[in-house]
Amino acid sequence: MSAMLEIKNLSTEFSTDNGTVQAVRDVSFEVQKGEILGIVGESGSGKSQTMFSVMGLLAGNGRVATGEILLDGKNISPLAFKSEKEYEDTMSDIRGNDMAMIFQDPMTFLNPVLTIETQLTEPILNHNNVSKAEARQRAIELMAKVGIPSPESRIKQYPHQFSGGMRQRIIIAIALACNPKLIIADEPTTALDVTIQAQVLDLISGLRDELDSSIIMITHDLGVVASLCDRIAIMYGGKIVEIGTADEIFYNPQHPYTKGLLSCIANPEDKEKKELHPIPGSPPDLLNLGDWCPFVDRCEKAMKVCKMKMPSQEVYSDTHQASCWLSHPLAKEGKGE
Amino acid sequence: MGKYVVKRILIGIITLFVLSSATFFLMKATPGSPISGEKFKTAEARKAAEERYNLDKPVVTQYALYLEGVAQGDLGESMVHEGRTVTYYIGNGFPVTAKLAFVAFIVAVTVGITLGTTAALSRKKWVNNVCMFIATIGVSVPSFLIAMLLVVIFGVNLKMFPFIGLATPAHYILPALALSLYPISMISRLTRSSMLEVMKQDYIILARSKGTPYKKVIIKHALKNAMLPVITYIGPMFAFLLTGSLVVETIFAIPGLGSSFVTSVMDRDYPLIMGMTIFLGILIISFNLITDIVSAMVDPRIKLK
C-alpha cells in the first residue's frame, strides 16, 4: 500500500480582529490507498479546517502557514505554488475529480435556486468531456446509486423539495460524481436522524469496496468511527494527540483525552459504563495557545511539565502514537511532577 | 399561479378604489379651484363652468358621477385646457416617458449590478472604495443638481451630447443618466451587501469543491441568489421611473408624464389629477405583481398563494 494523502507539518491560521487563530498546528498523518481514516475531535479542534486546507477551501481570512500536502505524491499545498492563480487553476482540476468532499449540513450546502440536475451534473461537466445529456444520464445513475427513488423525475426538482436525508444523499452523489480517489466526509451524519445515519454510513463504507477510494471521516462521534474506520486520529486544540488503529484506540488508549472521549460513550448493557463521564471544562481558546499541551487545563493527571513544554510523540507501535507527558519514560518511573 | 394573479388583480382594484377616493376627497378639500383663473372672471362664466363640470353638486355626488365615467372608460376632460381629454395627455406623455424610463432602467440595472458585484468581490480595497463613492454620490446629490451639471458639463461646455428633447438616440444619454444615477446607487449597494452575504454561504463552498472555477461560481451560483433583494427593489423602481420626473423632464425639455402631472396639481385640474393618479396607481400595482412573479421564478422556494 502506498499513501494516497500525506500531510506533513501542516499549520493553518486565521487572522481575525482579535488576533491570529491557530486552527491547525503542526499536523502530520497519511492515508493509504483504500483506507478509511477517522478524525475525531470536538468542535474547534481543527479537524474540519485540516481538511479544508487540503481541499483549498479555507475561508477568506484563513491561510496555510507551513507544511506539505501530498496527494498521490504531488504537493498541493498552496505554499508550493508561485501564484494564487496557479494554485486555483490546479485545484480546480483536482477538486471534485481526484478528491471530493462530503459536507455536513444538507440544509445549507445545496444551492436553493438551482435544480438538482444543474448541481449534480456540474462536477461531471467540469471534469469530463461529455455532453449535457450524457452528464444527465450519469447524474441519474448516481442518484439511483445513493438510493434516491425515481431519479428521472426527481432530478428536475429543487433542494427544498427533498428531505434532509435525501439532500445528504445528493451531496454524497455530487462528491462521487467523478469517482474520486480520495473522499473527505466532514461529519456526514451529524445533521441526520439516527435511522438515516446508519444508511448513510453504510453507503459511505460501500464506496471504498466499490471504488477502492481512500476515505477520511471527520466526526465527533466515536461510535460512528468504531464500526467504519481502519485507523483513527484524535485531534485536540489543533493538534493530533493520538493516532492508531481502531483497535489500539478503543482497547489501548494512551492519551487522557482519548480515554475521556471513550468514557463519554454510554453502554446500557455494561454495568461499569452505564454512567456517562463527561470531560470537565471547555476546549482551549485557539487565540491564546501556549507552547504546551493544549489539554492541560482539563486533564486529571496534569503535571507541572505539561504546562511548560509541548509533549513529544511517543511511539507505541508502528501504527500507534500519542503525545502525552505521561507516556514519557521519566513519568513512568514516577520521577515526573 | 393563475388563481394567484386573479386574486392579486382583484386586490389591486380595491387598492385603486381606495387610492382614487382618498385623492378625490383630499383634492376637493384643498383650497383653490380650476375655475378661479382669468378665464372665469365674471360670476356668470364661473356659474356656467360649475354647472358644466358638476362642481355645483355635493362632493359625494361628484365622485359618484366621476366613477360612473371611469367605469365606462371615460377619464374626463381637462378643466383648464378645453377640449383636451385626460386620455389625450396620458396617450401623448406616457410613450415619451416610457421610452426614457426604459433606457434609464437598463442603464441602472446593468451598471448597478456590475458596480455592486465588483465592489463585493474585488480584493483590491480601492476598487470597493471607488464603487461605493459613486453610490454615495448617487444617493446624496439631488437629481436637479445632477441634471444641471450634466447639461452644463457635457451639453454646454464639452458639446458632447444634445440636451433638448428626445429627437435622436443621442438625446437619451444625458436625461437617462440623470434619471438612473439614484437607482444605480441603490442597486449597487443592494447588490454589494447581498453578494457579500451570499459568498459566505455553504453552497458556495460546495460549488467550489466541485472544481468549478471561481468566476463561474459567481455567475452560476452567487448572482442568482444575490439578485433576490435587488429584484424586489427594481420592480417598483421601474414603475417609479415610468411615472416620469418633473425635474428631469423640465431641464431636458421632454414632454412626458411627469410635467403634466405636476402642472395638473398646480392648476387644480381635477379630472387630470384623478386620471394621472389612477394611471400611476395601475402602473405601480402591476409592477409590484410582476416583481412578485419574477421573484418566484428566480427562487423556487417562494410560493405564490
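Two residues are taken to be in contact if their C-beta atoms, placed from the backbone, lie within 7 Å.

Helix 2 of chain A covers residues 84-94, and its buried residues include A:Met91, A:Ser92 and A:Ile94. These three lie on the same side of the helix because they cover an arc of only 160° around its axis. Against what does the buried side of helix 2 of chain A pack? The partners are strand 4 (62-71) and strand 6 (99-102) of chain A. On the face turned away from that buried side, the exposed residues are A:Lys85, A:Glu86 and A:Asp89. After helix 2 of chain A comes A:Gly96, with a positive phi near 80°.

Let me turn to the confidence of the prediction. Chain A has a mean pLDDT of 87, with 96% of its residues at 70 or more. Within chain A, the lowest confidence falls in helix 11 (residues 329-332), where the mean is 70, and the highest in helix 3 (residues 116-127), at 95.

I move now to the domains. Chain A is divided in two: domain 1 takes in 3-98 + 180-332, and domain 2 takes in 108-179. Over C-alpha atoms, the centres of these two domains of chain A are 29 Å apart. Their contact involves 12 residues of domain 1 and 14 residues of domain 2. On the domain 1 side, helix 7 (residues 194-211) of chain A provides the largest share, namely 5 residues. That side of domain 1 comprises 10 nonpolar residues, 2 polar residues and no charged ones.

Is A:Ile172 buried or exposed? A:Ile172 counts as buried because it has 25 C-beta neighbours inside 10 Å, where the cut-off for burial is 20 or more. Residues up to four places away in sequence aside, A:Ile172 touches A:Ile102, A:Val146 and A:Leu203. A:Met143 is 29 residues from A:Ile172 along the chain, and the C-alpha atoms of the two are separated by 9.3 Å.

In general, nonpolar side chains of soluble globular proteins tend to be buried together. The largest nonpolar core here has 159 residues, and the members touching the most others are A:Ala173, A:Ile216 and A:Ile234. Which element gives this core its largest share? That element is helix 4 (residues 86-121) of chain B, with 14 residues. From chain A, the core draws at least three residues from each of domain 1 and domain 2. As for A:Ile216, its contacts beyond four places in sequence are A:Val31, A:Leu37, A:Ile39, A:Met51, A:Ile184 and A:Ala185.

Finally, the contact between the chains. Chain B contributes 20 residues and chain A contributes 25 residues. On the side of chain B, helix 8 (202-209) and helix 9 (214-242) each supply at least two residues. Helix 8 of chain B gives the most to that side, with 7 residues. By class, the side of chain B that touches chain A consists of 8 nonpolar, 6 polar and 6 charged residues.

Thank you for your attention.

Technical notes: Residues numbered from 1 in each chain as written. Chains lettered and ligands numbered in written order. Domains from an automatic or database assignment. Helix = DSSP H or I, 4+ residues; strand = E, 2+ residues; numbered from the N terminus. Nonpolar A, V, L, I, M, F, W, Y, C, P; charged D, E, K, R; others polar. Buried ≥ 20, exposed ≤ 12 C-beta atoms within 10 Å, placed from the backbone. Arc of directions from axis to C-beta. pLDDT = per-residue confidence, 0-100. Core = buried A, V, L, I, M, F, W, Y, C linked by C-beta atoms within 7 Å.
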